[in-house]
Amino acid sequence: MSDKLTPIKMLTDKEPIADRPLLVKDKVLGVGKNGKSFLSLLVGDKSGHIDGRIWDRVDEIADTFSIGDVVLVKGLVQVYQNRKQIIIHKIEKAPPDSFSKDDFQIESVQVDAHALFSELITIVQTVEAGPIKQILLDSIQDDEIKKLLLKAPAAKSIHHAHRGGLIEHIVSICRLMKSIAAHYTHLNYDLLVFGAIYHDLGKVWELEINKDMIQYSHKGRLLGHMQLACELIDKKSQRILGFPEDLREILKHIILSHHGKIEYGSPVRPYIMEAFVVASIDEFDSKMDTMFSFIKAERETGDSWSRYSEHFDRYFYLENLKGKWT
Ligand SMILES: [Fe+2]
Ligand SMILES: [Fe+2]
């Protein structure tokens, strides 16, 4: 973080903001009681985030930046109903050389679901095939799905089992898919990104957080997240003009085969390379998260060896080797 900038949580009432680079994490167009439109934003950097409001020249400004962009903001901090917000007077896309990407990196412990969501949108923009890109955008930007995705866990226990865990798991797999597609250049990158994002998307309806307890919903128990994702493919693709029928089948195959084996709950095994990659990377990413959480917690004990892990059927050596011999 450039040291001249005050961390967001230290901003005070009436403090002026002058050309500060901020990442747009959310952007919603609203209409006020007086019938005038306004923009409601969530902007931040790695020190935190804050609400932003734009009241003037909204129609002119609204389309000049999107979620995921870094913008330069001029305005005034105001405390309104005990919450800080920036009343934005001027906002424009920041030139790429005017900020350091590191200032917007997500801290690892607490999940910043909004930042991950904007990263997800940026990833979807790299998809080349029109119908795949469209179904992805229509699905994750669907108001209901987006709201659920921002807080959904990825599992009841074991991996990414916390609020925001699902989007964390999805973005993690997307990042891995980028390297895999760069290495195995004969694979279809668009299908890999699709699988990364969609394979567990049905979990937004499968799992519920009730009083901080993660539970299966009735719908989730009765249908399961693969069926729910396939229904979503039908629903969304029907609204896309000329959506290819054979693509619909391939997309469903990637969803239905992502548990890899019949005994792990998939009705079919992966029969295309991209589906095999999705199933393998899904398993890998979940295992890495489970292992890391387990080891991190065990390290708190100060012992050299972990307790026995049922899940991995082994004890782990706890010394942190990162950077040890450098
Ligand atoms: Fe799954
Ligand atoms: Fe998964």
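**Contacts, core and domains**

Tutor: Among contacts in the protein between residues at least 6 apart in sequence, 54% join residues at least 24 apart; two residues are in contact if their C-beta atoms, placed from the backbone, lie within 7 Å. This is a predicted model, in which local features need pLDDT of at least 70, side-chain atom pairs count only at pLDDT 80 or more, and totals for chains, interfaces and linings use all residues. Residues are numbered from 1 along each chain as its sequence is written, while chains are lettered from A and ligands numbered from 1 in the order in which they are written.

Student: How many helices and strands are there in the protein?

Tutor: The protein has 10 helices and 7 strands, where helices (H or I, at least four residues) and strands (E, at least two) are DSSP runs numbered from the N terminus. Its radius of gyration is 22 Å, close to the 20 Å that the globule rule gives for 326 residues, so the protein is as compact as a globular protein of that length. That radius is taken over C-alpha atoms, and the rule is 2.2 Å times the number of residues to the power 0.38.

Student: What percentage of the residues count as buried?

Tutor: Of the 326 residues, 33% count as buried. A residue is buried if 20 or more other C-beta atoms lie within 10 Å of its own, exposed if 12 or fewer, and partly exposed in between, with C-beta atoms placed from the backbone.

Student: And which residues have the most contacts inside the largest nonpolar core?

Tutor: They are Leu120, Cys174, Val193 and Ile197, in a core of 68 residues. This core draws at least three residues from each of domain 1 (8-101) and domain 2 (106-298); the bounds come from an automatic or database domain assignment. A nonpolar core is a set of buried Ala, Val, Leu, Ile, Met, Phe, Trp, Tyr and Cys residues joined through C-beta atoms within 7 Å. Leaving out residues up to four places away in sequence, Val193 touches Ile123, Val127, Cys174 and Met177.

Student: How far apart do the C-alpha centres of the two domains lie?

Tutor: The centres of domain 1 and domain 2 are 30 Å apart. Their contact takes 9 residues from domain 1 and 7 residues from domain 2. On the domain 1 side, strand E1 (residues 16-31) gives the most, with 4 residues.

Student: Staying with E1, is Lys25 buried or exposed?

Tutor: Lys25, which lies in strand E1, is buried, with 22 other C-beta atoms within 10 Å. Beyond residues up to four places away in sequence, the contacts of Lys25 include Leu42, Val43, His49, Ile67 and His114.

Student: Changing topic, how do E2 and E3 run?

Tutor: Strands E2 (residues 37-45) and E3 (residues 48-54) run antiparallel and are joined by 7 bridges; two strands pair if DSSP finds at least two bridges between them. A hairpin of 2 residues links E2 to E3, and Leu41 has Gly52 in E3 as its bridge partner.

Student: Lastly, where is Leu149, and why does it count as buried?

Tutor: Leu149 is in helix H4 (residues 143-149), and it counts as buried because it has 23 C-beta neighbours inside 10 Å. Apart from neighbours within four places in sequence, Leu149 is in contact with Ile140, Leu166, Ile167 and Val204. The C-alpha atoms of Leu149 and Val204 are separated by 6.0 Å, although these residues are 55 apart along the chain.
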